[in-house]
Amino acid sequence: MTMEAAGLVEQRRDGVEHAKKVGYAHKIIKRKNRCKRRSVQRYAPKVPSVLQELFLSCRDVFKGPGTVPSPFDVQKLCRILDNMKPEDVGLSSKLLQFFSATDRTPIVTSTTIHKCKNFSLCLFFLPPTAVIPLHNHPEMTVFSKLLLGTMHIKSYDWVDPIDLNFSPPSGQSKLAKLVSDSDFTAPCDTSVLYPTTGGNIHEFTAITTCAVLDVLGPPYSKDDGRDCSHYKELSLSSSTLPNGETNSERKEDGDEILRWLEEIEMPENSQMDEIEYLGPQIVEY
């Protein structure tokens, strides 16, 4: 082998060794980059789910019985609820098909996501024509988010009959003014009712299969005097209205629509099936 040939071989050998070294270094760099990515993924803070965010916000907003959330806190919860979707609470098309079955009596099904002393998160599933009868929410602030379907909502607030010179038809009757009597279709804004305003006494009637998420603060508690009462509507006759007015005349004049609401025993159609909540879980810490 000539000196020139030997030199070329040596250069090639050096080049191979250099290539190996470069390649090895490249592999090390790639491996380090992969490790870096894994460490970033492992230790980066996890973004909470919308349901988790709702839970944490409710824990801050609801201060216990006898309190009402501030307007700022109401807006805070409404912003979260307005953006919630059915999948945020684990609703699937298969599950909704089950609740939409027409071969059985339209019964409302409920499930509790979370309940504590200050608030509760509940889901209600209503097949078409199912009804949650007229009922109240004593000393409670309630956020209702229609996640799916079209629903008719009728709601009332109490008014003082003495101010209107009315006399109740029975001892179990109270005068109430109509707040809402409309259809709502998802997606729509969250509705809010307060202890004395916003439609504290309301009724839901499903037009299509519906799913409703309710946030109640504080929740029902018979021991604490927050038991649920049910009512039936009594029309106002002309003899009970001042100056012989009829209820339709008051509506045409833009005045409040009034009804007597008589407290009744729990209606048969108010019975609900309860199921275990199997959707995304809340982490308490």
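Helices (H or I, at least four residues) and strands (E, at least two) are DSSP runs, numbered from the N terminus. The structure is a predicted model, in which local features need pLDDT of at least 70, side-chain atom pairs count only at pLDDT 80 or more, and totals for chains, interfaces and linings use all residues. Residues are numbered from 1 along each chain as its sequence is written, and side-chain values use heavy atoms, with hydrogens and water left out.

**Exercise 1.** Determine which strand gives the most to the lining of the second largest pocket.

*Solution.* 
Step 1. A pocket, on a 1 Å grid over the protein atoms alone, is an open set of points where a 1.4 Å probe fits, with protein on both sides within 12 Å along at least five of seven lines; lining residues have an atom within 4 Å of a point.
Step 2. The second largest pocket is lined by 21 residues, and Ser144, Ile153, Phe184, Ser191 and Val192 lie nearest its centre.
Step 3. At least two lining residues come from each of β4 (141-148), β5 (150-158), β6 (173-185), β7 (191-193) and β8.

**Exercise 2.** Describe the lining of the largest pocket by position and by class.

*Solution.* 
Step 1. There are 25 lining residues, and the closest to the centre are Ser110, Phe124, Tyr220, Met272 and Glu274.
Step 2. Strands that each supply at least two lining residues include β1 (108-115), β2 (120-126) and β12 (272-274). The most comes from β1, with four residues.
Step 3. For the classes, Ala, Val, Leu, Ile, Met, Phe, Trp, Tyr, Cys and Pro count as nonpolar, Asp, Glu, Lys and Arg as charged, and the others, Gly among them, as polar. The lining of the largest pocket then divides into 11 nonpolar, 10 polar and four charged residues.

**Exercise 3.** State how many disulfides the structure holds, and examine Cys210.

*Solution.* 
Step 1. A disulfide is a pair of cysteine sulfur atoms within 2.5 Å. The structure holds zero disulfides.
Step 2. The cysteine sulfur nearest to that of Cys210 belongs to Cys188 and is 9.7 Å away, and Cys210 is in no disulfide.
Step 3. Cys210 has a relative accessible area of 1%. Cys210 is therefore buried (under 20% relative accessible area, with exposed over 50% and partly exposed in between; 1.4 Å probe, protein chains only).

**Exercise 4.** Identify the elements against which the buried residues of α2 pack.

*Solution.* 
Step 1. Helix α2 covers residues 50-61.
Step 2. Its buried residues are Leu51, Gln52, Leu54, Phe55, Ser57, Cys58 and Val61.
Step 3. With contact taken as heavy atoms within 4.5 Å, these buried residues pack against α3 (71-82), β1, β2 and β9.

Notes
The expected span of a helix is 1.5 Å times one less than its number of residues.
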